[in-house]
Amino acid sequence: MRSEPVQGAMVRYPSGSLVILTGLPGAGKTTLLQRLYGLHGAESAPVAKDTVMVIDSSQSRRHWDGRMTWAPYPLRRAVVFVTHLTRIRRALAGGQSVIAHNRGCGPYVLRGFAWLARRHGAAFHLLLLDAPAEAALAGQRARGRVVAPRTFARHQRRWGDLVARVKNGDPAPAAGARILDRAEAALLGSIVFDGPTGNSTHQDFHITE
């Protein structure tokens, strides 16, 4: 029996990597980033923590809040996504390690991130926060933004396909992928970028005591 409490777990990646944290809407991705990096939840720009740039898509959404009220929702959504991608590109171009939240996990979106990483000589990894649909819906209600049922169903289909592929050993187009369930995410204490640079598949998850 363990006599001392577990202090946390660590995931390691090569320096300069692009790590996309993804999962169903409401799974807890933003909450995880806030806990790990001390974010207060009202940021409208990426946050630098040591050598890591923390980029949440909600930062881009806040940046545009109230500034495009004339535009239809699809256009506002597109502008927010382009802003999010631009911020990731700039960080990679500056040689920084990047942990970025992105709820979309469709094949074209992931290929775009893979292309972006390759262009800047960065390793591309996926960190998948796997929460049951019921828990994700509860998370949406708690944050006050509930995804339309049809949209959520589409997310579920794409998420299910991605998780199945990763479990079968196929992380493509990423160099590597790790699935965390909610219990493992609760144990996660840090995401560390300290390995050799380059398109390495090295990634570890271990508990530190």
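## Charges over rings

In this predicted model, Arg67 lies over the face of Trp64, at 5.0 Å from the ring centre. A charge sits over a ring if NZ of Lys or CZ of Arg is within 6 Å of the ring centre and within 35 degrees of the ring normal. A second case involves Tyr108, whose ring has the charged end of Arg111 over it, 5.3 Å from its centre.

Because the model is predicted, local features need pLDDT of at least 70 and side-chain atom pairs count only at pLDDT 80 or more, whereas totals for chains, interfaces and linings use all residues. Residues are numbered from 1 along each chain as its sequence is written, and side-chain values use heavy atoms, with hydrogens and water left out.

## The chain as a whole

The chain has seven helices and nine strands; these are DSSP runs numbered from the N terminus, where helices are H or I with at least four residues and strands are E with at least two. Of the 209 residues in the chain, 44% are buried, and buried means under 20% relative accessible area, exposed over 50%, and partly exposed in between, with a 1.4 Å probe and protein chains only. Among contacts with a separation of 6 or more, 79% are between residues 24 or more positions apart, where contact means heavy atoms within 4.5 Å.

## The aromatic pair

A pair of aromatic rings is described by the distance of the centres and the angle of the planes. The structure holds one aromatic pair. The rings of Tyr13 and Phe193 have centres 5.8 Å apart and planes at 35°, so this pair is tilted. For such a description, rings of Phe, Tyr and Trp (its six-membered ring) pair if their centres lie within 6.5 Å, and planes under 30 degrees apart count as stacked, over 60 as edge-to-face and the rest as tilted. The pair links distant parts of the chain, since Tyr13 belongs to strand 1 (residues 8–14) and Phe193 to strand 8 (residues 188–195), 180 residues apart.

Tyr13 counts as buried because its relative accessibility is 0%, and Phe193 is buried too, with a relative accessible area of 8%. Leaving aside neighbours within four places in sequence, Phe193 is in contact with several residues, including Tyr13, Pro14, Tyr37, Val52 and Ile99. Phe193 and Ile99 are 94 residues apart in sequence, yet their C-alpha atoms are 9.6 Å apart in space. Strand 1 also holds Val11, which is buried with a relative accessible area of 0%. From C-alpha to C-alpha, Val11 and Ser190 are 6.6 Å apart in space, although 179 residues apart in sequence.

Helix 2 (residues 57–64) and helix 3 (residues 73–93) pack at an angle of about 125°, with their axes 9 Å apart. That makes helix 2 oblique to helix 3. Axes are lines fitted to C-alpha atoms, for helices over the stretch in contact, and angles run from 0 to 180 degrees between N-to-C directions; angles under 35 degrees count as roughly parallel, over 145 as roughly antiparallel, 65 to 115 as roughly perpendicular and the rest as oblique. The contact involves residues of helix 2, including Ser57, Arg61 and Trp64, and residues of helix 3, including Val79, Thr83 and Arg87. Ser58 is also in helix 2 and is buried, with a relative accessible area of 5%. The C-alpha atoms of Ser58 and Phe81 are separated by 9.9 Å, and these residues are 23 residues apart along the chain.

Helix 3 and helix 4 (residues 107–119) pack at an angle of about 25°, with their axes 10 Å apart. That makes helix 3 roughly parallel to helix 4. Here Phe81, Leu85, Ile88, Arg89 and Leu92 in helix 3 meet Val109, Phe113, Leu116 and Ala117 in helix 4.

## Two loop residues

In the loop between helix 6 (149–167) and strand 7 (176–181) is Pro173, which is joined to Ala172 by a cis peptide bond with omega of about 10°.

Asp50 is found in the loop between strand 3 (47–49) and strand 4 (52–56). Although Asp50 is not a glycine, it has a positive phi of about 60°, and at 82% relative accessibility Asp50 counts as exposed.
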